[in-house]
Amino acid sequence: MEARSPGVASSARKPVLNNSARKIKDNAADWHNFILKWDKLNDAGFTVANNIVNIKISKETENDANHQVDCDGSSVIQKSASASEPHKELEECCTELLDIMDKMTHLVSKMAKLSSTVKGICVLESFQHGEAGRDRPLFHTWPTKQFDEVSSKLADAYQQELRLKQAIAQEVAHNTEQDLAMVYLSAWLYQPYIEDSSRVLLESMLLETGHRPL
């Protein structure tokens with residue numbers, strides 16, 4: 001796929017890349033773009049999940065209040081009509097959250113393919129150059145196996161984070177405990193499986209492949 005470059009280092013003369021180097025450079029740009037898309041989906045998902053929690057809290061508060069009021073015929077009809085509004089809004093939010101989850105799942109499958117591509121390049125190089133690999137690195141200092149290690153770590157991190165979000169998405173609309181709801185929202189927002197080191201690995205790969213100026 002044609003990926004948007006995260007910022008190419010300027011130079012008077014661009015080195016000619018062999019096929020493996022070109023694939024790995026494109027791969028690094030794809031990682032950058034996929035993670036940007038993930039971050040946008042994560043923000044959108046948090047907003048929707050937060051709306052779901054607020055609707056649930058409002059509904060529980062309204063239910064508690066209804067037990068304390070006297071109902072005549074007209075007020076019962078009015079409450080029945082208004083009760084359907086948050087239910088419909090909740091359904092719409094749940095549908096939207098599931099749509100976001102589908103997009104995240106698709107994105108993680110693309111990340112897995114990036115990792116698989118680099119692994120295939122490493123297998124090919126081992127066949128061509130032996131276990132020690134090529135004499136000179138494809139770019140600056142990294143051996144080809146290091147790209148495989150970084151891609152595998154990133155793919156694993158986002159796969160684990162996806163599983164966590166799938167669990168949250170399944171539970172957040174059914175939960176009635178406010179404290180637990182806050183835990184769900186916090187876990188979604190701060191993404192415990194995507195550590196700062198993952199961002200460092202991505203930036204290091206962009207530097208090595210020339211997408212960032214040294």
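Student: Leaving aside its neighbours within four places in sequence, which residues is Asn175 in contact with?

Tutor: In this predicted model, Asn175 contacts Lys56, Leu180, Ala181 and Tyr184 once those neighbours are set aside. Asn175 itself sits in the loop between helix 3 (144-171) and helix 4 (178-190).

Student: Does Asn175 count as buried or exposed, and why?

Tutor: Buried means under 20% relative accessible area. Asn175 has 12% relative accessibility, so Asn175 counts as buried.

Student: What does the side chain of Asn175 reach?

Tutor: It reaches the backbone oxygen of Glu177 at 2.6 Å. The cut-off for a polar contact is 3.5 Å, and the value for this pair is 2.6 Å.

Student: How do you know how helix 3 is oriented to helix 4?

Tutor: Their axes come within 10 Å and cross at roughly 150°. Angles over 145 degrees count as roughly antiparallel, which makes helix 3 roughly antiparallel to helix 4. The contact is made by Glu161, Leu164, Lys165, Ile168 and Glu171 of helix 3, with Tyr184, Ala187 and Trp188 on the helix 4 side. The crossing is left-handed.

Student: Which residues touch the most other members of the largest nonpolar core?

Tutor: Trp31, Trp38, Ile52, Met104, Met111 and Met205 do, in a core of 47 residues. Helix 1 (19-66), helix 2 (73-129), helix 3, helix 4 and helix 5 (196-208) each give two or more residues to this core, and helix 1 gives the most, with 13.

Student: Leaving aside its neighbours within four places in sequence, what is Met104 in contact with?

Tutor: With those neighbours left out, Met104 contacts Trp38, Leu41, Asn42, Leu162, Lys165 and Trp188.

Terms used:
Residues numbered from 1 in each chain as written. Predicted model: local features only at pLDDT ≥ 70, side-chain atom pairs only at ≥ 80, totals over all residues. Heavy atoms only, no water. Helix = DSSP H or I, 4+ residues; strand = E, 2+ residues; numbered from the N terminus. Buried < 20%, exposed > 50% of the residue type's maximum accessible area, 1.4 Å probe, protein only. Polar contact = N/O pair within 3.5 Å; in protein donor to acceptor, adjacent residues only side chain to side chain. Contact = heavy atoms within 4.5 Å. Core = buried A, V, L, I, M, F, W, Y, C linked by side-chain atoms within 4.5 Å. Axes fitted to C-alpha atoms, helices over the stretch in contact; angles between N-to-C directions. Parallel < 35°, antiparallel > 145°, perpendicular 65-115°, else oblique. Left-handed = near helix turned anticlockwise from the far one by under 90°.
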